[in-house]
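Please open the structure in your viewer and keep the selection tool ready. We will go stop by stop.

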Amino acid sequence: MQPEQFNILLRFFKALADDSRLKIVGILANQECSVEELAVLLQLKEPTVSHHLAKLKELNLVTMRPEGNSRLYQLDSEALQSISKEIFTPDKIASLIENVDTEAWESKVLKNYFEGESLKEIPASRKKRLVILKWLANQFEVGVNYPERLVNDILKRYHPDCATFMSKSILQKITKIKIILNVASGFANVFH
């Protein structure tokens with residue numbers, strides 16, 4: 001996501017994070033209103049409503065048209081749809097993590113549970129166990145069929161209790177990870 005789009009998104013969420021502004025948007029989605037009408041509907045002072053409208057106008061979410069001595073405001077639904085189409089796409093939202101180390105948590109888990117090459121203990125948390133299992137699966141070569149004895153020997157390098165790793169549920173997880181790695185390897189071989 002471009003910095004400009006990120007700033008628009010940030011300002012959009014900040015603007016709508018206010019209870020009164022959110023209510024104003026809801027009211028203006030249904031009807032045009034003057035500052036005076038909005039103040040009465042929301043039980044706010046007119047200067048407060050004007051302040052909220054100014055914030056919404058900065059994002060072009062509301063339009064204003066003069067009518068006699070007053071000004072009528074309404075939601076600019078086209079601007080709202082434009083922001084939605086430009087910024088609220090799955091790809092754009094996913095790109096919000098561009099500057100985030102998505103593997104930081106896994107690294108922390110590995111650091112906490114390993115001392116050198118030895119696994120200190122098997123995590124009680126399922127999510128943390130999966131991080132350990134993923135790391136262990138990467139210790140096996142993709143595309144190689146390992147006999148159970150060799151799997152046990154490899155696992156014992158990292159933790160003496162290989163039986164726990166070989167339990168049915170854990171073995172299934174390792175197998176699933178290996179299958180995924182094998183499939184990925186197969187695709188890579190096809191395209192080389």
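This is a predicted model: local features need pLDDT of at least 70, side-chain atom pairs count only at pLDDT 80 or more; totals for chains, interfaces and linings use all residues.

**Stop 1: helix α1**

Select residues 3-16, which form helix α1. How far apart are the end C-alpha atoms of α1? They are 20 Å apart. That agrees with expectation, because 14 residues at 1.5 Å a residue should span 20 Å.

Now colour Q5, L9, F12, A15 and L16. These residues of α1 are buried. They cover an arc of only 130° around the axis, so they sit on the same side of α1.

What covers the buried residues of α1? Show α2 (19-30), α4 (46-58), α5 (77-87) and α6 (90-94), which are included in that cover.

**Stop 2: the hairpin**

Select strand β1, residues 62-67, and strand β2, residues 70-75. They pair in the antiparallel sense over 6 bridges. Pick R65 and find its bridge partner in β2, L72.

Next, go to the turn. The hairpin of β1 and β2 has 2 residues between the strands. Click G68 in this turn: its phi is positive, about 65°.

**Stop 3: a pocket**

Move to the second largest pocket, with a volume of about 150 Å³. Select I8, R11, E58, L59, N60, A79, S82, I83, E86 and I87 to see its lining. Which helix supplies the largest share of this lining? It is α5, with 5 residues. Helix α1, from the first stop, supplies at least two residues of the lining.

Terms used:
Residues are numbered from 1 along each chain as its sequence is written. Side-chain values use heavy atoms; hydrogens and water are left out. Helices (H or I, at least four residues) and strands (E, at least two) are DSSP runs, numbered from the N terminus. The expected span of a helix is 1.5 Å times one less than its number of residues. Buried means under 20% relative accessible area, exposed over 50%, partly exposed in between (1.4 Å probe, protein chains only). The arc is that of the directions from the helix axis to the C-beta atoms. Contact means heavy atoms within 4.5 Å. Two strands pair if DSSP finds at least two bridges between them. On a 1 Å grid over the protein atoms alone, a cavity is a set of points where a 1.4 Å probe fits but cannot get out, and a pocket is an open set with protein on both sides within 12 Å along at least five of seven lines; lining residues have an atom within 4 Å of a point. Grid points are joined across faces, edges and corners, and a volume is the space filled by probe spheres set on the points.
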